Structures are given as C-alpha cells and as structure tokens.
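Colleague: Could you take me through the strands and the packing of this model?
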Amino acid sequence: METVKPLDVTSGKGKLRRAFVKVINIKKLTGVVPEGDKVDKDLVKKNAANLSESFDKLEEEYEKRLAMEALLAKLFATVSSIKSGYAQLQYAQSPYDPAGIQRADSLVVSQLKTLSEMKQSFLKNEFDTNPDRTLVLAEIQELRSLLKTYEIMGKKLECQLKLKDSEIIFLKEKFQESMSQNKLMEKRFNQSGQLCDHNFHLSALSPSHFVTYLHHTVKSIRGFVKIMVEQMRFVGWDIVTAADSIQPEVFYYKQDHTCFAFEHFVCKVMFEAFHLPYFSTESSSSSKKSREMFFERFTELRSLKAREYIASRPKSRFSRFCRGKYLQLVHPKMELAFFGHSHVRNQVSAGEFPETSFCAAFLELAKRVWLLHCLAFSFDPEASIFQVSKGCRFSEVYMKSVSEESLLSESEPRVAFTVVPGFRIGKTSIQCEVYLSRSKSTPL
C-alpha cells in the first residue's frame with residue numbers, strides 16, 4: 001500500500017518570497033515596476049492636484065467665514081458698548097455729574113469711530129488676520145458692556161426705591177396726621193353729641209337732621225359689633241356658626257359679611273319697641289307726650305356723657321333703657337366667655353356700668369339710639385320705623401344693599417335679612433339697609 005507524500009509547502013513559500021523581493025529590488029534600482037503591475041501615474045497626479053485645490057478652496061472659505069463671524073461679533077460688541085455709554089450718559093445727568101458725562105461721551109464717540117473703521121474695512125474687504133483672538137476679545141467687550149449697563153440699571157432702581165420709600169414715609173405721616181385730626185374731631189363730636197347745625201331748633205327740624213343722626217347711630221352700632229366680634233375671635237368662638245345661629249341658611253358672598261348678621265341682631269334688640277314712646281308700653285298708655293318734651297330730652301342728653309348721666313340719674317328712663325337693652329343684648333354665656341365671670345352683669349343690674357371698652361362702646365350705642373328715638377318723636381307726625389321680610393324682592397326705593405356683590409351676581413336679588421331698619425318721616429322715606437343673598441340650598 002502506497003503512502004501519500006505531503007506537499008512541499010515550505011518550498012512554495014520560498015519561491016513566492018523570492019519573487020516579491022525581486023520585484024522590490026527592481027523597483028528600487030530602476031524606479032519602474034514590472035509591466036504587469038504598472039499604475040497610471042498621470043491619473044494619480046491629476047487626482048492629487050484636484051484634491052489639493054479643493055482643500056485650498058475649503059480653507060479659504062473657512063477663513064472668510066471665520067473673519068466674517070469675528071467682524072459681526074466685534075460689531076455687536078461695539079453696539080453694546082455704545083448702549084452702555086448712553087446709559088452712563090443718562091445716569092450722569094441726574095444727579096448732574098460733569099466728569100461722568102465727559103467719560104460717557106468719550107466712550108460713545110470712540111465706539112462710533114470704531115464702527116466707522118469697521119465699515120471701511122468691510123467695504124475694502126480687509127478682514128482681521130487673527131479672527132480667533134478677535135472673537136474672544138469681542139465676547140469679553142460685550143460682557144463688560146452688559147455688566148456696566150445692568151450695574152447702571154441697578155443704581156437707577158435703587159434710586160427709585162429710595163424715592164418710593166421717601167414717598168411712603170411722607171404718605172404715612174400724612175395719613176397719621178389725618179387720622180389724628182379725624183380722631184380729634186370725632187372725640188369733640190362725641191363729647192358734644194351735637195348735630196352739624198349748632199343753631200338747631202325744633203322749628204327748623206327736618207328729615208335731613210334725622211338722616212345725619214341716623215348715620216352716626218349706625219356708625220356706633222358697627223363700632224360695637226366690631227368690638228363684639230373681636231372678643232368672640234379672642235375667646236375662640238366660631239364666627240360662622242354664631243352668624244348661622246342668628247340668621248340660618250344664608251349664603252354670604254364673603255366671609256367678612258357674617259358681621260352683617262351681628263349688626264342685624266344688635267339693631268333688632270336696640271330698635272325693639274322704637275315706635276313706642278320711651279320704648280315702653282307703660283308710657284304709651286299714659287297721656288301723650290308732646291313733641292317739645294321729646295326734643296327737650298334730646299337736647300338735654302346730647303351734650304352729656306352717657307355714663308355721667310346714668311350715675312347722676314340712675315332711675316331715669318334712659319338709665320332703665322340702657323340696663324334693659326344690655327341685659328337683653330349680652331347673653332350670660334357670652335359675658336362669661338368674654339370676661340370669665342358675671343360680675344359685669346351684676347353691676348349693670350345694680351345700675352352701674354364698669355369702665356371697660358366693651359361697656360363704653362355699648363353706652364355710646366345706647367345713647368345714639370335713645371337720641372334718635374327722641375328725635376323721631378320730635379316730628380309731627382312722629383317718624384315711624386320699618387323693615388322688610390326675608391325673601392322680598394329688592395327695591396331701590398325702600399332698600400339699600402350693604403354688599404355690591406349680590407347686585408352684580410343676581411338678576412333678581414332677594415332680601416336675606418334687614419341689617420338696619422328704615423324710617424318714614426311724613427312723605428319722606430329713609431331706606432333700610434338689607435343683605436341680599438340666595439339660600440344655601442339654591443344651586444349656583
């Protein structure tokens with residue numbers, strides 16, 4: 001059996017290696033490759049020339065573009081410097097600063113010259129030879145200009161802030177001065193208790209006098225209600241719940257409107273039996289008092305302080321009126337919550353009002369209502385009181401709304417409750433003040 005001879009691989013490799021070496025040596029000696037491996041040198045040279053030309057064009061376009069970017073960057077930086085110089089010029093004018101004006105003017109002029117030079121260079125196609133450096137310098141210049149502009153704006157705003165602060169201080173002083181004058185006038189008015197007309201006589205009595213005094217009476221009612229609500233908040237009472245207990249199922253357009261429910265309650269108590277002489281059925285059964293006597297009671301009390309009058313005449317009708325209305329208006333639980341004891345109630349029952357702000361506000365309220373009552377019975381025929389029922393349609397003839405929101409949001413507003421009653425004096429009607437609302441159960 002014949003064996004298979006392996007191929008002489010080593011000898012084949014040697015022959016191939018020798019052939020490559022021979023070709024390389026020939027190329028080194030003659031510079032010519034064998035005819036079978038010859039390459040077209042002309043084509044290579046042509047391609048190399050075209051490639052070099054393309055590279056040159058691209059490089060030229062890149063340099064032009066970079067130079068144009070540098071020019072634009074320098075242009076914007078110069079414009080920013082002009083804006084900064086103009087801002088400095090404006091700031092130096094007020095307050096007047098001649099050195100600052102001169103510096104700003106020189107800056108603007110120099111930058112305008114730079115713009116002119118840049119224009120000439122652009123027209124002559126003379127571009128920057130070092131655009132990279134110009135780009136960096138332009139960015140630095142623009143940032144410096146912006147920083148200077150913002151710095152000036154900050155100084156201007158700071159000056160305006162100081163000016164506004166000065167105006168606020170001045171207005172506060174004027175406000176305090178006006179408040180002091182108002183308090184002084186109010187104090188004088190409260191001490192005298194007189195109407196605007198100092199020569200006020202029964203023969204000159206008119207509905208306008210009653211309207212004026214009614215205005216001050218309502219003002220004292222609201223002052224007392226304000227103190228009462230503040231006391232409720234202080235002791236932790238829920239104001240909304242308290243208002244709902246007075247007038248249930250009323251929709252209030254604002255949370256502060258709950259104070260009108262307390263005003264309604266105070267007016268309801270204080271004006272109860274207003275149509276009876278001296279708020280008493282006993283007086284109505286006796287002989288009719290003349291209007292001159294009521295006017296005399298009016299003029300007698302209006303120039304005195306309520307506390308002094310009660311102390312000097314504890315058994316007078318006015319003293320009994322104040323005691324009865326206080327005990328009716330201020331519930332024992334309310335008094336206990338406000339003061340922590342019932343001593344005030346005991347003192348009032350005994351005919352003495354403690355010197356507290358709460359009692360002082362009540363006495364001022366009671367005095368106003370009593371004087372208004374005496375003034376009402378000074379007319380012939382006497383003034384009558386009225387109020388409107390819940391659910392009545394609003395009428396501008398007899399009513400005045402205490403909240404504008406209801407008139408704006410409702411097409412046909414209805415009366416939720418009367419806040420301050422109205423009055424009739426002969427043929428003259430004085431509008432009652434009402435709160436207009438919709439029921440909580442009514443859908444929006």
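**Strands and cores**

Modeller: Strands β3 and β6 (residues 432-437) pair in the antiparallel sense over 5 bridges. Strands are DSSP runs (E, at least two residues) numbered from the N terminus, and two strands pair if DSSP finds at least two bridges between them. This is a predicted model, in which local features need pLDDT of at least 70, side-chain atom pairs count only at pLDDT 80 or more, and totals for chains, interfaces and linings use all residues. Residues are numbered from 1 along each chain as its sequence is written, and side-chain values use heavy atoms, with hydrogens and water left out.

Colleague: Which residue stands opposite R414 in β6?

Modeller: S437 does.

Colleague: Is β3 largely enclosed or exposed?

Modeller: Strand β3 (residues 414-420) is largely enclosed by the rest of the structure, because 6 of its 7 residues are buried. Buried means under 20% relative accessible area with a 1.4 Å probe, protein chains only.

Colleague: What is the strand order in the open sheet?

Modeller: The 3 strands follow the order β1-β4-β5, with antiparallel pairing. The edge strands, β1 (384-386) and β5 (428-430), each pair on one side only.

Colleague: How many bridges join β1 to β4?

Modeller: There are 3; F423 in β4 is the bridge partner of I385.

Colleague: Now the packing: which residues have the most contacts inside the largest nonpolar core?

Modeller: F210 and F362, in a core of 74 residues. Such a core is a set of buried Ala, Val, Leu, Ile, Met, Phe, Trp, Tyr and Cys residues joined through side-chain atoms within 4.5 Å.

How values were computed:
Buried means under 20% relative accessible area, exposed over 50%, partly exposed in between (1.4 Å probe, protein chains only). Helices (H or I, at least four residues) and strands (E, at least two) are DSSP runs, numbered from the N terminus.
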